[in-house]
Amino acid sequence: MSKSRRKHLWQSLNLIDLSQTLHKEGFGFLYAMQILDGKQASNYYQEQLKAESLEFEAKTGKKPHLAAILVGNSGPSETYVAAKMETCRKVGFQSSLIRFEPTITEQQLLLEIDKLNQDSDLHGFIVQLPLPAHIDVNKVIERVDPSKDVDGFHPVNLGKMAKGLPAFASATPWGIIKLMEYYNIETEGKHVVILGRSQIVGLPMSLLLSRNSKPGNATVTVCHSKSQNLADISRQADILVAALGIPEFVKKEMVKDGAIVIDVGLSRIPDETRKSGYRLVGDVAYDEVAPKCSAITPVPGGVGPMTITALMQNTLLAARQQMGLT
Ligand SMILES: NC(=O)c1ccc[n+]([C@@H]2O[C@H](COP(=O)([O-])OP(=O)(O)OC[C@H]3O[C@@H](n4cnc5c(N)ncnc54)[C@H](OP(=O)(O)O)[C@@H]3O)[C@@H](O)[C@H]2O)c1
């Protein structure tokens, strides 16, 4: 372990331990709040990826190669794909961006996916979501070869993950797991409440945290739009994961003192004071919730960078598997 990693972890531990001690001693109103910095953790993991990518290239004569399919040109999707391509460059991967007009038919898109499945120069690829309404997203996800499904959305990967078998874990939940590992957050025996049950975030997150491993072994409650008395449930959470897609939905009354809060949400809301005319917010009302927490992810700069890092980790794994290095 590097000196900077040791130093950083030590500081993290101190802050989280201190907040727990203060709580036990009855100073529930005082917390040494830790910001779970996804950029910092990503930098740490990406340094490792860079070294591993060089090693892969030395053994195979190829770089790990990730492609992204982008249908249409919506602002947020452009931004997310550009960040993924830029991270490929940073960690020494080859990347390809494949664009299609928003008018592409479902059948045409499925045939393009078949081509990528068969392209032996390509180790993994993603289809950036959302897709235009005339395309069935499930058909698209199921067409991707599971061995190249580095977003971890295919039912085969989800099913294997549920059984605890080796699989590409969904990038966002896996990124959260790696963030928790980086900050040495204990999940065993903790009550985790997840707000949202989507197939790409809430559901796989619940599988990963309830499995018999580390991080894992948590008691997990999953809430959704039909859940009743949501605030009563979320207030029981030692670790609260918000993944609803509703800007600033989680207010301070919904969070227990000293909880760890992971904010997955990412929405643009109008802001006339910004040049862009908008600002990014999460599903948590950060300003009022953060002072109550022992640790919290910021938006932006929390879960987002970790999702991209997890995607890179999956791509390297796919590349190794396809070249017989695992
Ligand atoms: N930072 C990143 O890397 C990253 C990655 C992925 C997603 N995201 C963001 O995370 C958020 C969630 O994404 P997603 O794809 O999981 O969204 P999604 O597919 O729309 O799912 C939202 C979930 O929230 C639940 N929900 C909606 N309203 C609710 C309410 N009032 N009370 C309780 N539950 C409610 C829904 O319940 P039902 O199932 O009953 O409809 C659903 O399960 C979005 O802001 C997205 O942009 C960020």
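Two residues are in contact if their C-beta atoms, placed from the backbone, lie within 7 Å.

**View 1. Contacts of Val192 in the predicted model.**

**View 2. The largest nonpolar core.** This core holds 83 residues. Val192, Ile194, Leu240, Val241, Ala242 and Val261 touch the most other members. Helix H11 (residues 303–322) gives the largest share, 10 residues. Domain 1 (61–146) and domain 2 (170–304) each supply at least three residues to the core. In soluble globular proteins, nonpolar side chains tend to be buried together.

**View 3. The shell around the ligand.** The shell has 25 residues. Gly196, Ser198, Ser225, Gly245 and Thr307 come nearest to the ligand. H11 provides the largest share of the shell, three residues. By class, the shell divides into 11 nonpolar, 12 polar and two charged residues.

View 4. Along the principal axes, the C-alpha atoms fill a box of roughly 60 × 45 × 45 Å. Buried residues account for 41% of the 326 residues. Of the contacts between residues at least 6 apart in sequence, 68% join residues at least 24 apart.

Conventions
Residues numbered from 1 in each chain as written. Predicted model: local features only at pLDDT ≥ 70, side-chain atom pairs only at ≥ 80, totals over all residues. Core = buried A, V, L, I, M, F, W, Y, C linked by C-beta atoms within 7 Å. Buried ≥ 20, exposed ≤ 12 C-beta atoms within 10 Å, placed from the backbone. Helix = DSSP H or I, 4+ residues; strand = E, 2+ residues; numbered from the N terminus. Domains from an automatic or database assignment. Near = placed C-beta within 6 Å. Nonpolar A, V, L, I, M, F, W, Y, C, P; charged D, E, K, R; others polar. Lists of a residue's contacts leave out its neighbours within four places in sequence.
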